[in-house]
Structures are given as C-alpha cells and as structure tokens.
Amino acid sequence: MADVLSKGTFFDPVLVNDLVNKVKGKSSLAKLSKSVPVPFNGRKEFIFSMDNEVDIVAENGKKTHGGITVDPVTIVPIKFEYGARVSDEFLYASEEEKLEILRAFNDGFAKKVSSGLDIAAMHGINPRTGEASTVIGDNHFDAKTTQKVTYAAATPDANIEAAIALVEGSDGEVTGMAISPATRTALAAMTRQSGEKLYPDFQFGGKPSNLGAYALDINKTVSVGDVDHAIVGDFENMFKWGYSKEVPLEIIKYGDPDNSGKDLKGYNQVYIRAEIYLGWGILDGDSFARIGA
C-alpha cells in the first residue's frame, strides 16, 4: 500500500470492484440497465431500425428491399471527481489503518457517484452545483425524452399506465421504471372502496423491486430539480452506461487543492482525491416516457 501515497496511482482493483458494485446497488439507472466497457476515447452504439416488416416470398418469387436506418450513439466518458481533507496522521498510520481509511472513503465516494450518475443522466445537472452542465449538454432524459404524462398525486398508477402506453404506442418496450419517493407515498395511500390498501408493498417506506411485470427502483434522484416523478421505458436495451476500470487516486500533501484558502501543511492535513470516468447513452428517446409536474 505504500505506493498509494504517490500522486497519479490508482485505487486497488478490489476497491474499484467494490466501488462499482455499490454504484450498481444505489443508482436507479445502474440497477435497471446494463453496463458496457467505455474506453477513454468513447464507444459507439449502433441502433438499427428496420423500416418495413419481413416479407414472405414464393419459390422463385421476387425479393424486395426492406430498408434500414442506422443511428449511431457515441458514449463519451465524463470525469466525476470527489476530494476530502483528512488529518496528516494518515501519512504515518499503519498499512491496515490506511486501508481502512481508504475503504471508508471508497464507501462515501460510491454513494456520491451513484447519485451523481442518476442526477447527471436523468436531468443534465452537475450534482455539486445543482445547475445544468454544459459538459453533459442534452445527453439526459429530461432533454431526450419528449413523451410526457402530467403527474396527478391522486392517481399515480394511472399516470404509470399512461406512460407505458406512450412508450408502447411508439413501438417501444417497457422493461422498468424509476419513481420518486413522492410517487411511492402516493401509491401507498391508494385504497379500495373497502378501505383496503391497493398497493400495501409501498406502505411505511416499502421499496418493492417490481411493479406489475416491470423492474422498479425508488430513488430521490428521480425528482431532483422538481421536474420528474417517474421515468418509464426500455432501460435494458435503450440505455447504456459504463466506466473506465482505472480509478485515479491522489494523496496530496501540499497546497490548497480544494481552493478553500487553507494550506494543507498549515492545518496538518492531506487531501484524498478520487476520479472516475463514467459514460452513458440514451439510444432512443421514444423508448421512454416521463411523468412530471
């Protein structure tokens, strides 16, 4: 572990795997979709649209042109960074203690990366500033998904049904949905005429992993920016995300790396900084629908 103190080294592969597994466990988009390797120079995903139906041809019959449209989507990795100051006792701790500190940092970093992936890819927002990111541009669901249902708290299940109908009406397929805690609460409150709860699995903070035939995840990241209450669609096939396997790690001993105005040496501190490169692509906006305000 001694080399971990050198600038420009990387997280241990075990910590990287742990980091990514935690991201998959806490990010709605990572849970509902498939990850793909993303090299630093990007990755192209090709979407083939068959323009016609298959043709039945008689023996010795004439074959006709079916037609095809190819729409490539490039997944370009974006740098996500997080840093924190710790006591410079880290430098003199035993190897076991250093590893425990890095594991704790890794746990916190994973939580921030998982929510950051959702916030960025769902809403195009820089999680740190809360503002639209020019780096992301329009590569997010709020920009790419034009099919929208107006949210009604009294009938959240009808909203979801309407969103499914929009996707299927565009020849899309629904594989899952991400909903906000407010939508979960609205579903939990619905009752039959007899007073029996219509969706008891959502009561008291319940988080079922399915709703009807579809995979489900409940996450506050869905409603960041007060725009969306749910995103419904083909996450399995029409949303791809991935990461670069090398996660740079720096232990900085000098200066003011976070621009706080406090010199590290002057405050007996060191700065731990980690970066991860994440990329994603929405391959077909019409394969999704949003339920929003």
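This is a predicted model: local features need pLDDT of at least 70, side-chain atom pairs count only at pLDDT 80 or more; totals for chains, interfaces and linings use all residues.
Strand S14 is mostly covered, with five of its five residues buried. In the loop between S14 and S15, Asn-268 has a positive phi of about 55 degrees although it is not a glycine.

As a whole, the protein has seven helices and 16 strands, and its C-alpha atoms fill a box of roughly 80 × 65 × 30 Å when the box is taken along the principal axes. Of the 293 residues, 46% are buried. Among the contacts with a separation of 6 or more, 75% are accounted for by residues 24 or more positions apart.

The largest nonpolar core has 45 residues, of which Phe-11, Phe-109, Phe-239, Ile-276 and Trp-280 touch the most other members. At least two residues of this core are supplied by each of helix H1 (13-26), helix H2 (28-32), strand S5 (78-87), helix H3 (95-123), helix H7 (235-238), strand S13 (239-243), strand S14 (248-252) and strand S15 (269-282). Helix H3 gives the most to the core, with nine residues. When residues up to four places away in sequence are not counted, Trp-280 touches Ile-75, Ile-78, Phe-80, Leu-117, Ala-120, Ala-121, Ile-136, Asn-139, Phe-239, Lys-240 and Trp-241. A second, separate core of 22 residues includes Ala-186, Leu-211, Leu-216 and Ile-218.

Helix H3 also holds Ser-114, a residue with a relative accessible area of 2%, which is under the 20% limit and therefore counts as buried. With residues up to four places away in sequence again not counted, the contacts of Ser-114 are with Val-23, Lys-26 and Ser-27.

A further part of the model is organised around an open sheet of six strands in the order S8-S16-S12-S9-S11-S10, in which the pairing is mixed. Strand S8 (148-150) and strand S10 (210-211) stand at the edges, each with a single partner strand, so one side of each is left without a neighbour in the sheet. Strand S10 is joined by two bridges to strand S11 (residues 214-218), and the two strands run antiparallel; Asn-210 stands opposite Ala-215 in S11. Helix H5 packs on the sheet, where it touches S8, strand S9 (176-179), S10, S11, strand S12 (228-233) and strand S16 (288-292), and the direction of H5 makes about 150 degrees with that of S16. Helix H6 packs on the sheet as well, touching S9, S10, S11 and S12, with a direction that makes about 100 degrees with that of S9.

Two packed helices are described by the angle between their axes and the distance between the axes. For helix H5 (residues 156-169) and helix H6 (residues 181-189), the axes come within 8 Å and cross at roughly 120 degrees, and the two helices are therefore oblique to each other. Their contact is made by Pro-156, Asp-157 and Ile-160 of H5 together with Thr-183, Ala-186 and Leu-187 of H6. By residue class, this contact divides into four nonpolar, one polar and one charged. Ala-186, on the H6 side of the contact, is also included in the second core.

The loop between H5 and S9 contains Asp-171, whose phi is near 65 degrees, a positive value in a residue other than glycine. Most residues other than glycine have a negative phi. Asp-171 has a relative accessibility of 76%, which is over the 50% limit, and the residue therefore counts as exposed.

Terms used: Residues are numbered from 1 along each chain as its sequence is written. Side-chain values use heavy atoms; hydrogens and water are left out. Axes are lines fitted to C-alpha atoms, for helices over the stretch in contact, and angles run from 0 to 180 degrees between N-to-C directions. Helices (H or I, at least four residues) and strands (E, at least two) are DSSP runs, numbered from the N terminus. Angles under 35 degrees count as roughly parallel, over 145 as roughly antiparallel, 65 to 115 as roughly perpendicular and the rest as oblique. Contact means heavy atoms within 4.5 Å. Ala, Val, Leu, Ile, Met, Phe, Trp, Tyr, Cys and Pro count as nonpolar, Asp, Glu, Lys and Arg as charged, and the others, Gly among them, as polar. Two strands pair if DSSP finds at least two bridges between them. A nonpolar core is a set of buried Ala, Val, Leu, Ile, Met, Phe, Trp, Tyr and Cys residues joined through side-chain atoms within 4.5 Å. Buried means under 20% relative accessible area, exposed over 50%, partly exposed in between (1.4 Å probe, protein chains only).
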